[in-house]
Amino acid sequence: MNVSIVSPEKKVWEGEADMIVARSPEGEFAILRGHIPFLAALVSGVVKVKSGSSEDRFVITGGVLEASGTMNDYHVILLADDALDAGDLTRDEALRRMKEKERQERAEHERVEAELRAAMAGPQLGRD
Amino acid sequence: MAQQLRAIKRRIGSVKSTQKITRAMELIASSRIIKAQQRVSAARPYAEEMRRLMGMVAKKSVSIDHPLFNQRSEIRRIGTVVITADRGLAGAYNSNVIRRAERDLQAHGKESMLFLAGKKAVNYFKFRGYEIEHSWTGMSDRPHIDDAREVARAAAEAFTSGEVDEVRLVYTRFDSALTQRPVTIQLLPLPKEEFTSEDEVITKGPKPSYVFEPEPEEIFDGLLPRYLENTVLQGMLEASASEHAARRRAMKAATDNAEELIDNLTRVYNQARQAEITTEIMEVVGGAEALTGAAKQEA
């Protein structure tokens, strides 16, 4: 079955899988190909996507999951509020660095902006 | 004469260094438009799926009713969310969206409450003496869903608590790399028809009967705030792409202007130098002639 995990910002994961395990307010459930059409609200926790012997884990803070289709064309769509690959433990650090870089760029832009304004004001003030 | 030449030369130098900066900024903006556009399209699948699911759930619900749908019989106060950039040097980008917002405020004539995202909006409305309810900075470059959530939550809170009877969003829509225009859309109350109209959801074949967990109404209520957050995010992402496009255009114009200025100044410089050389030759020739004239007279 085709599984896609989509966050508000982007498609986080898409691929073929045998089983997906998630948790609704009423408890944990697993979806296999051919499951009766299903729509569930998800609570925060780990979502497991299994295919063969491999398993991908995603940490979500909430979302909604829809499973539907026929035996031959079955798909699961998970709209996650936030989804991050559980293997990616340094995300917080990465985020922090990204924010820092953005802050620096903004400061640099402001400096350049001031410089440009000064340069543009120069001729009007009669200097040079 | 020589002093004038030096002054022109200095001027050319300063224009050249300005041009270097504007050209660099033009290039940076160009690469950012592409990334910003990618983010706009990367966010689309979520929005589309969300809309489809909500339409589906609304049909299965016995009744859909949520405080965010609440149409007020009397509009006393209108909340306006304005999205601008934190930085300038983007041509008319910021002033266009600010002007649009201010015209809206004057047009509706009700009391207003401002929610401002972006330093330029904050500075402008603060200077004009508007009362600002909420303001955020540092998100215009690369808006995240967390930023959109903050804005959406503040707006939803003001709406559900009855502080405002309507909330609007003013941002710059990104039509293409060449055209971006400021638009106003209604955020709250949410348009109920959007989810209940028949033609909104296109389902192929017989509709499967779903199992809902929990009840459809409950799922729907959970989706509504997310729908609002997503609408704000979409606006922010488009505004960001528009900002970079406007900056690229402005910086390209500045670079071209600098080029023209340098050409003109160089021409003036050459003329002045030519004039100076001519004067010098005249002086030399004049001096030489005076000498030969004096020698002839002596002879």
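Student: How many residues does the contact take from chain B, and how many from chain A?
Tutor: A word on ground rules: this is a predicted model, in which local features need pLDDT of at least 70, side-chain atom pairs count only at pLDDT 80 or more, and totals for chains, interfaces and linings use all residues. Residues are numbered from 1 along each chain as its sequence is written, chains are lettered from A and ligands numbered from 1 in the order in which they are written, and side-chain values use heavy atoms, leaving out hydrogens and water. Contact means heavy atoms within 4.5 Å. Counted like that, the contact takes 45 residues from chain B and 42 residues from chain A.

Student: Which three residues supply 19% of the area that chain B buries against chain A?
Tutor: Buried area is the accessible area (1.4 Å probe) that two parts lose on being put together, summed over both. Chain B and chain A bury about 3,800 Å² between them, with 58% of it on carbon and sulfur atoms. Of chain B's share, 19% comes from three residues, more than any other three supply: B:Tyr46, B:Arg87 and B:Glu213.

Student: What order has the open sheet of 6 strands?
Tutor: Strands (E, at least two residues) and helices (H or I, at least four) are DSSP runs, numbered from the N terminus. Two strands pair if DSSP finds at least two bridges between them; S1(A) and S9(A), for example, pair in the parallel sense over 5 bridges. Pairing is mixed in this open sheet, and the order is S2(A)-S1(A)-S9(A)-S8(A)-S5(A)-S6(B).

Student: And which are the edge strands?
Tutor: An edge strand here pairs on one side only. The edge strands are S2 (11-16) of chain A and S6 (211-213) of chain B.

Student: Which strands of chain B does H7(B) touch as it packs on the sheet?
Tutor: That open sheet has 5 strands with mixed pairing, in the order S3-S2-S1-S4-S5 of chain B, and its edge strands are S3 and S5. The twist averages 20° from one strand to the next. With axes fitted to C-alpha atoms (for helices over the stretch in contact) and angles taken from 0 to 180 degrees between N-to-C directions, H7(B) makes about 35° with S4(B). The strands of chain B that H7(B) touches are S1, S2, S4 and S5.

Student: Why is S2(B) largely enclosed by the rest of the structure?
Tutor: Within its sheet, S2(B) runs parallel to S1(B), joined by 7 bridges, and pairs in the parallel sense with S3(B) over 4 bridges. Buried means under 20% relative accessible area, exposed over 50%, and partly exposed in between (1.4 Å probe, protein chains only). S2(B) is largely enclosed because its buried residues number 5 of the 7.

Student: Which residues have the most contacts inside the largest nonpolar core?
Tutor: A nonpolar core is a set of buried Ala, Val, Leu, Ile, Met, Phe, Trp, Tyr and Cys residues joined through side-chain atoms within 4.5 Å. Leaving aside residues up to four places away in sequence, A:Leu39 touches residues of both chains, including A:Val64, B:Leu53 and B:Phe212. The largest core has 65 residues, and those with the most contacts inside it are A:Leu39, B:Leu188 and B:Phe220.

Student: Which helix of chain B do the buried residues of H5(B) pack against?
Tutor: H5(B) covers residues 145-160, and its buried residues include B:Ile145, B:Val151 and B:Phe159. They pack against strands S1, S2, S3, S4 and S5 of chain B, and also against helix H7 (216-298).

Methods
The expected span of a helix is 1.5 Å times one less than its number of residues.
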